[in-house]
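Dear colleague,

Please find the structure below, together with its sequence.

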Amino acid sequence: MKPIYLDHNATSPSTDAHLSILFNKLKDSIGNPSSPHAKGRNASVCLTEARKAIATSLNADVGEIIFLSGATEANNIATNGVLKNTKVPIESQHVITSSIEHPAIKEPIQFLKNTQNLKVTEIDVSKEGFIQFEDVIKNIKPDTTLITIMAANNEIGTIQPVKLIGDYLHYMRWGVSSSQSDKDSFDLLTSKYLNSNVSKEHLQKLHFHIDAVQAYGKIELDNWLSSGHDSVAISGHKVGSLQGIGALFLRRGRKYLPLILGGAQEKNRRAGTENLPGIISFGLIAKDLYTEQWIKEKNYIINLRDTFLKELSQLSNIELNTPNQMILPNTINFSVQGKKLKGEDLLVELDLQGVCASSGSACSSGANLPSKVILALGKESVLAKNSIRISLSHSNTKEEIEKTISIIKNYLNN
């Protein structure tokens with residue numbers, strides 16, 4: 001029996017068609033891109049083609065794309081690397097982030113807070129899981145050097161106002177806005193919320209990073225990308241490429257302290273021989289993003305998601321954690337509630353019947369811990385511990401959704 005795979009926010013497996021194309025391309029391309037011989041030159045050409053494809057998918061310049069081992073490394077660079085590249089001691093710097101960031105952002109920031117007294121403002125989210133744009137503005141201080149907010153949450157799917165933040169910063173830095181109404185709105189917000197000691201020059205130096213791991217390839221760029229972001233982390237295996245490859249968009253002129261030293265690869269920004277199979281795979285996927293076919297697939301996924309949400313909303317002992325708007329097209333999060341009902345038991349039951357889903361909570365030493373994201377919504381620990389995440393792709397079918405709902409219903413009724 002073919003498994004029903006509903007865990008695409010964790011990894012979206014490569015298709016057979018993609019692997020076939022990739023294998024054929026790799027047969028003539030394997031070599032060290034830094035080597036001067038024919039195999040090396042072929043490898044270098046493939047690397048450049050992939051970089052162009054990913055740059056095009058982000059409306060970026062080729063030189064602004066840095067290949068890395070994954071988005072975790074990209075997020076560490078955008079925190080650790082950016083903060084340590086300034087001439088200001090860490091203890092004299094201030095960072096703005098949110099309460100629902102991925103551990104790849106939370107952990108490096110927490111480490112610097114614990115070891116070097118980094119000042120951190122963690123913005124709370126609403127009960128539906130959204131930060132407020134105004135909370136970002138009012139917390140910018142003369143010593144703020146980094147703002148890092150995820151574009152979309154990996155557990156509950158909420159799309160954060162990172163485009164609005166970027167548009168605001170772009171206007172405040174350079175006086176450029178898309179419309180007069182935006183200009184008037186930003187001027188009003190500035191007079192109401194922005195610290196009067198924050199200068200235009202300071203805002204130009206401030207670094208705005210977006211963790212776009214879940215947004216990239218799932219929602220249109222206009223929903224999260226702007227001219228005001230300075231770096232963006234993306235991951236290949238979340239959109240169907242091989243695992244172990246990610247990239248960082250770094251706006252021209254921005255710099256960071258490299259975390260890995262030892263070679264001149266990636267223009268001295270990331271040492272080590274490039275992961276050519278992963279890079280080629282990522283580039284092949286990037287070429288198909290944001291096309292007409294991609295739009296059709298996204299709309300198909302939305303229909304599947306809405307069907308799933310409608311069925312769940314009619315079940316007793318289910319509480320939805322995903323709101324009904326401004327969410328990823330593929331993400332559903334819910335909690336089971338009841339004395340004898342446990343999220344981990346439902347996951348086991350789904351697994352036994354061939355359905356691959358995941359918990360929104362973290363696992364530590366075999367103990368199922370409450371999801372920090374669900375707790376951040378203000379929900380009780382028992383709901384946070386019993387949360388389930390379903391994440392879809394265009395490879396899923398209506399029949400798979402119906403079967404999964406049937407398994408959930410049977411579990412609740414037994």
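Predicted model: local features only at pLDDT ≥ 70, side-chain atom pairs only at ≥ 80, totals over all residues.

Ile66 stands opposite Leu248, a residue of strand 8. Strand 2, which runs antiparallel to strand 8 (residues 246–250), is joined to it by 4 bridges. Strands (E, at least two residues) and helices (H or I, at least four) are DSSP runs, numbered from the N terminus, and two strands count as paired if DSSP finds at least two bridges between them.

Residues are numbered from 1 along each chain as its sequence is written, and side-chain values use heavy atoms, with hydrogens and water left out.

Strand 3 (residues 94–98) has 5 of its 5 residues buried, that is, under 20% relative accessible area with a 1.4 Å probe and protein chains only. His94, Ile96 and Ser98 cover one side, and Val95 and Thr97 the other. Strand 3 runs parallel to strand 4 (residues 119–123), with 5 bridges between them; Val120 of strand 4 is the bridge partner of Val95. Strand 3 is also parallel to strand 5 (residues 144–150), through 3 bridges, and Ile96 stands opposite Ile147 there.

Axes are lines fitted to C-alpha atoms, for helices over the stretch in contact, and angles run from 0 to 180 degrees between N-to-C directions. Contact here means heavy atoms within 4.5 Å.

A second open sheet, of 4 strands, has antiparallel pairing and the order 9-10-15-12. Its edges are strand 9 (318–320) and strand 12 (358–359), each with a single partner strand, so one side of each is left without a neighbour in the sheet. Strand 9 pairs with strand 10 (residues 331–336) over 3 bridges, and Leu320 stands opposite Phe334 in strand 10. Helix 11 (residues 292–313) lies across strands 9, 10 and 15 (387–391), at about 15° to strand 10.

**Cores and a helix pair**

The largest nonpolar core has 70 residues, and those with the most contacts inside it are Ile54, Leu58, Tyr216, Trp224 and Ile234. Such a core is a set of buried Ala, Val, Leu, Ile, Met, Phe, Trp, Tyr and Cys residues joined through side-chain atoms within 4.5 Å. Apart from this core lies another, of 26 residues, including Ile301 and Leu392.

Finally, the axes of helix 6 (residues 162–174) and helix 7 (residues 180–193) come within 11 Å and cross at roughly 85°. The two helices are therefore roughly perpendicular, a term for angles of 65 to 115 degrees. Among the residues making the contact are Tyr168 of helix 6 and Phe186 of helix 7.

Yours sincerely

Key: Buried < 20%, exposed > 50% of the residue type's maximum accessible area, 1.4 Å probe, protein only. Parallel < 35°, antiparallel > 145°, perpendicular 65-115°, else oblique.
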